[in-house]
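Hi,

Here is the structure I promised to pass on. Have a look at it first, and then read my notes below with the model open beside you.

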Amino acid sequence: MRNLRHLTGWLCMLFTVAAAAQTKPISGRITDITGTPIPNASIRTKGASAGTSADMTGSFHLNVGKNAVLIVSAIGYETKEVKAGSLDIIDIQMSTDSKSLSEVVVTGTGTATSRKKLGISVETVTADKLPAAPTASIDQALIGKIPGAQISATSGNPGDPINILLRGINTVQGGTKPLILMDGVEVKAADISSLDLSSIERVETVQGAASASIYGAQGANGVIQLFTRKGRQGKASINFSSSYAANSYINSGNVHKARLHPYLTDANNNIIDYASGQPLTLLDDGTLTGISYQFADNVAGDQHAANSRYGILSPDNINNKPYNANLKYYDHFKQVFKTGYSFNNSLNISGGNEKTDYFVGASNSHTISPILKNGYFERSNLTANVGAEVLKGLKLRSVTQLIYTRNTMAPGLGGGGDYWYGKGQRSGNVGAVYGFLNTSPFFDLTHQDADGNYIYYPYADFLSVNAGNPYYVKQYSNGLDNKIDIIQNFDASYKVNHFVELDAKYGVNYRTENSRWTYFNQSENINSNSTQSWIYYNNNNDNLGEITDFRYSNMFQNILGSLFFRTDFQKDFKSRLPITTSTQVSFDYRKQKYTEYITYGMGVPLKPPINMTTVGDPNLTSSVGVNRDYIEPFVTYGYLVNQKIDFGDYGGVTGGFRSDWSSAFGGGHTPFTFPHADAYILPSSFDFWEKLSDFLPTFKLRGAYGKAGIQPGPFDRYPTLDPGILGSNPIFTNPNPSQNPNLQVEVSREWETGADITLNTNKNGAWFNGINLSATYWNRKSSNVIYTVATALSTGTPGQLTNAIDMSSKGFQFSIDMPVFKSRDFSWQLTTNFGHQTSMVDKIAGKADIILGSAAGSTSLVLRAGQKVGQIYGYKAFTSLDQRKLDGTPYIDKADYDKYEMVNGKVVEKDTRAIMFTNETYALGDPNPKFNISFINSFDYKGMLTLSVQFDWLHGSHLYNQTKEWMYRDGISGDFEKPVTIGGTRAAYTAYWASAYYGLWGSSHGPGNNATKDFFYEDASFVRLRNVALAFDLTKAFKIKYFNKLQLVLTGRNIATFTKYSGYDPEVSSGTVNSAWDRGVDHSTLPNQKSYQVGLNVGL
Amino acid sequence: MKKHIWIYIVCAAMLGACKKELNVGNPNSPSIATNVTDESGIISLATGGIYINGFNKGDGWLGNSYFSLPYGYSELLGDMVGNLGASNQLISQVNVPYFYILDDGTKVTNSSFNQTTLRLNNTRAQTGAGYNPTYYQWLNMYAMIYSCNQVLSLIPTIKLSGDSTTKANTLKAWCYWWKGYAYASIGTLYYSGLIINTVDEKSNHYVIKDSILEQSNNYFNQAAAILSSINGGSDYTSVLGALIPAFCQVGNGGVLTPQMWIRNINTMLARNILLNKLAPFVNGDPAATIQGASISPMTAADWQSVLTLAGNGIQNGDYVFTGRASSASGFFTASGGTVSALATGPNGSTTFKVSERFIQYFKSGDARKDNNFNTKTKYNADFVSTRYSMISGGNGASGVYVYGDKTPGNYELFIAGSYEENALMLAEANIQLGNTDVGLGYVDAVRAYQGAGIAAVAATGLNKSAALQELVSERRVALAFRGLSYYDIRRWGWTYDIAKGGGSYHNITSIGSTLNTNVTINYNFIDYWDIPADETDLNPPGTGSAPVKNPNF
């Protein structure tokens, strides 16, 4: 009540002042610090809500009172107060500031809104804050930049998509990929990574249902909106950038293969044949035979010959012999992981006049893969953004991006193809990585047979049975993937009158992609013939090779029509209340058609030409065929009603709803409605704040609630049979899982509440003079989450898609932006972005656990009510002799305690030297991080020398090191050379380490083989020096004619990682890209790249 | 506001126009409503429901069909193949014997063997991880039963051309035959099962395997009854000719006449009896007895029934139900779709390695051994170590049976009964009933049929034990990789605990560098498997149900 009186009093005073003032005209020009005009900057006098805006040349005219103070604001610039005094003409320079509350955002609000007047949380990053990642991709550049978001590069294969998780995991099958918008229009066919970084001006992100509710049935995963650069009025400006980077794979865990071995040797340390005693020599086909462990396993109840797989469990075998005689040690990582290179070039020209503006850019990025340098990934972009005011009030804009991407990496070594690849959510095929990881180190991958060919399958009886050689893959295969993306957006906006503005947008986004995988004829390879193994996609019949063509197309259209109705009570209705309103009614229509067509030809000739007309496999009745012909239509549309009411600078409310129809849900007839409401209040605008305003000039509280959805799969609701062909007859089969005609959209309801604060900590001081803080807490619940719920097998189908799951998540995020130090010549700015989030499964219909198949093979993932999403389940190593079963009974009889001892915190059986593991599974934990935080420091000396340093810290994340577990099978892992003390003797016992792969309580091998165990579940927290860039601009140091910028940049990316994780990179994940649950497994992925880059930026 | 009225009109028109667009359907897939409306539609469903739902879907874990995975378990447990390298689907564990005793008396005990591993891994999570052997046969056979019930329910809704009664009856016989087959497969492997006889029926009333086998017999008999009413005209052959894939209508596969089909049914009815009773023959003793088994011994009446049924069973030259790999669009592949394919090739790189205990049953001079196996490489893997590799396509000896061929279409897979199986049932029943030489005559006939080239054993004065030894050897050798090997050594008592009268004697192993030729093996397997957790967790037994875990183990 008291506040209201204050407000009323304040309002009265304002009215009086405005009415009584005498005015005079003032004109001027608004520019940025480079002198470029800022069109549309808003200018008003302090204390008045009305004002004017600058025209295309940055010029403005305004009537002001005597001694008026002008408040100038513009998108992306720090709001500036200037005393007009007695001046008639005034030129005002504005400096950029993305974090200030004066910034204007559009994402999540529908209409351009000052950050000060937002009830929701919107995160923004301007282009100058995006680092020049070696692959020049936007998604890479966004890592660490968005507070709250977990954006991670889970693979180091060039061109692979990255994982984006905004707020919580709210779906299972839908994945976590957010909605991507470019200039207001959804981009669904092209990948965010394909867009040209140099053409992007700004990125806005809204992260949850509360803020993305206006996007309705597709908004629940949040929205990332990109804004294309625009030309500015004035003479044409030309920018050119060029960079060169050297890239190599990270190996922060020092992954290597054991340099010592336990095999049977003679007196000269030759590894010998167990039967003949003769030193082993490589056979003609590159394999070995006759190898044996030194000792057989003679433990009672568990006996194994020395020359068989389980000889590794013999307690007598020790990894203590160097490879210094007949068989040598080969460092496979050195043989396979090379240094790759990237070249980036971009050129853009922009400019404009009073009525038009243009920006035209071209860029090219070329990356040679570090894996055997087997191919390259190249992307070329052409961007044009042209705007014009064709009639008074009618503005037209066209934004075009043409993208050509080419990938020549071989299948298995990074090449793109396979089912669904055209959707952009699949990584390239790096299947050959597993093979070389699991090749015994006494094989030379570069070994060539008598004909000069590489060996595919170098195995030695029971060892190296999962081997595979990337050199062979490179020799016998070839990948070529060509992709063209077209993104065209048109926007027409028309200001009908003072109240009404109409806006129409049309976006078309088309992708066509063709990939060819050629597997050459391998029938002259000695090893392929003798081991009957070869590389193939379809042709597993013989080693005559094949050609497989993958054709993808994706057409997406988005039409968005909006009507805005705005009022200003003071101006329009002569009211005393400082109320402004904005009403939006929009119609939004999206249509997509995705197709895949896969054909093959089997049996390729030994000599060129190798193409579809020369294929022929004498063993097959038909050598060519169609593997897949798939079409996926999708239509959704809806309307949005949104009402925003602001009360001066004091606060405001927004409310509205969106209704959506979709071809994927509701039987096609029922729309789903997503309501939303938000409000904000700025206590710092009230006069009672006066005393605080010196220290706390801005203090805003906000809160929002909204619902948003995630669409079911496009065909999930259509009951069908699976088609097929048997011989030449069509056949129908019952699908698994079966569809569900009654599927509903997945709904996410979210609350968020937060504050935006500006603190003047040391107003005129050099150190820490201010802090911008923005913090948000959010809490969301998802219901109707779709997944296949298992049904009893006797029903004829093991599962049905059902709106089965309730989930919830919550989190907290903040960003702190502060100048650490500022003097005339030097500044140091620190930005800190923090996010914490956690997601739970609350309820599963039918209550049975949902068993998930991880991309990592045997790692067990389960969805269980009351547990976190993505938990990994497995067996635990005993940590005490009193280890108990789930029913409370002890595993070990007290009488037997002396048979065991503690080794490295785990119980080991002395006789077998084996670690003891439970035979009941436990949730090993949630692999998702407890929090992620990024520290971004920027140093600037006279604008001439700049240094930026970004550290990313992911805390509490875990990875299941499946890569390592596989390398334990044959004792290949480097761990096997580490000695342990058992029974008073210190040695690198194979049985100790191998038990981690093989053992479970009650059996030394078998059910425990490669089972998921906590032994391999590792803390994958890390601090990474993500980016360090030192730039020197010669034009700032010396006067150089014609040049605006002549900047030399040295950049290091991912150059240091601090982690306890023992795999090569704690950031990887082998799960499907953007998988909701398969996020914590490292299984034979490619690690990220460490890059050193030198670049030159030229501005004319 | 009037001037903006056009906006509302446009919006309204757009909403109206859009609604029609929403039913995009699934242009990639057929549906019952649009596609199973005519003769070709129901034939497509009746074919796919068997060959894909019944024999392919869900089996991609190991090889790619019912004949690589569930058949694989039968051949693993039958000690016809082995593996130590791969743990997938528990193939290196499911067949581990409790202990074995080498020639020098060394006893090797496995603390984790068939019984422990099979039970420990029968959880839904282990199914998800790919380690639950009990899952697959149950999955496939109930999917097959569902498809048959579905087709049976749709037959009355379809207008069939020509002699529609004959066509409908042919389709019904097809469904009954496969239901008989599916219940037989369930009742022969699992301790209990569910009877689901109409589409979308659900049941939690588990019944003991004998009741399941009764269902099997019942449906086989219904199929036979229908077939005896069909005269085999073109309406019959056109339907059956479309149901059986053309690429399987080669060799012993083809469009069966109703009489041939009835004979196939009789063989299966005989098999249902034979495989689900004990006929102990432990350590050469025809009078051996087994305690604690889930099945009772064959009686003279049982042998007489087998004799009668097999006497009316498959004859030499009859078409039978076979499968072949097609280079494309098949229901399994030539390189991985069968146990045979997974065992064909150099033993270092094949998924399955042919077992010493298979090869030891070839009599010396058997042309089949020389034509199919070499000893170029040795596979060292403890108990499953082997000197033998199987040669794709054999060595080309004329008229000699070939066990494996990875060239698409060459290998003939037997889905149900075969001439050899029927003849050997006649042989065994005759020997057991005292007609030793009549029985041995059938053994000789099978050897001749497969080109073994060894001397006849009939009328050579063999006693019952020796005659049974011939029969046992020939069944192991002639019926290899046909999904029967486990059931044979089970009913002969070999898989039962030595302490309960079982065990397998005089076996060969090639562990290490010494060859043992008199190894005693105590497999001690669970005889009838527990029901997979994927059924019992989601469909717990109702009151009055039979046990879902074999109570005898």
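This is a predicted model: local features need pLDDT of at least 70, side-chain atom pairs count only at pLDDT 80 or more; totals for chains, interfaces and linings use all residues.

Before anything else, one term: a residue is buried if it has under 20% relative accessible area, exposed if over 50%, and partly exposed in between (1.4 Å probe, protein chains only). Residues are numbered from 1 along each chain as its sequence is written, chains are lettered from A and ligands numbered from 1 in the order in which they are written, and side-chain values use heavy atoms, with hydrogens and water left out.

Start with B:L424, which is buried, with a relative accessible area of 0%. You'll find B:L424 in helix α16 (residues 419-432) of chain B. Helices (H or I, at least four residues) and strands (E, at least two) are DSSP runs, numbered from the N terminus. How many of the residues of α16(B) are buried? It's 14 of the 14, so the helix is largely enclosed by the rest of the structure. From first C-alpha to last, α16(B) reaches 20 Å, close to the 20 Å expected at 1.5 Å a residue (the expected span is 1.5 Å times one less than the number of residues). Just after this helix comes B:G434, with a positive phi of about 95 degrees.

What does B:L424 touch? Not counting residues up to four places away in sequence, its contacts (heavy atoms within 4.5 Å) include B:V443, B:V446, B:L471 and B:A478.

Now for helix α17 (residues 436-449) of chain B, whose 14 residues should span 20 Å at 1.5 Å a residue; the end C-alpha atoms are 20 Å apart, which agrees. Its buried residues are B:T436, B:G439, B:L440, B:V443, B:D444, B:V446 and B:R447. They cover an arc of only 160 degrees around the axis, which puts them on the same side of α17(B); the arc is that of the directions from the helix axis to the C-beta atoms. An α-helix has 3.6 residues a turn, so residues three or four places apart point the same way. The buried residues of α17(B) pack against α15 (367-372), α16 and α18 (464-478) of chain B.

**A loop residue**

B:N524 sits in the loop between β12 (516-522) and α20 (533-536) of chain B. Is B:N524 buried or exposed? At 8% relative accessibility, B:N524 counts as buried. Its side chain makes a polar contact with the side chain of B:Q115 (2.9 Å). Polar contact here means a pair of N or O atoms within 3.5 Å; within protein, one must be able to donate a hydrogen and the other to accept it, and residues adjacent in sequence count only if both atoms are side-chain atoms.

**Where the chains meet**

The contact takes 85 residues from chain A and 94 residues from chain B. Across this interface the rule finds 2 salt bridges (a side-chain nitrogen of Lys or Arg within 4 Å of a carboxyl oxygen of Asp or Glu). A:D722 forms a salt bridge with B:K57, with the closest N and O atoms 2.6 Å apart. The largest share of the side of chain A that touches chain B, 6 residues, comes from β30(A).

Cheers
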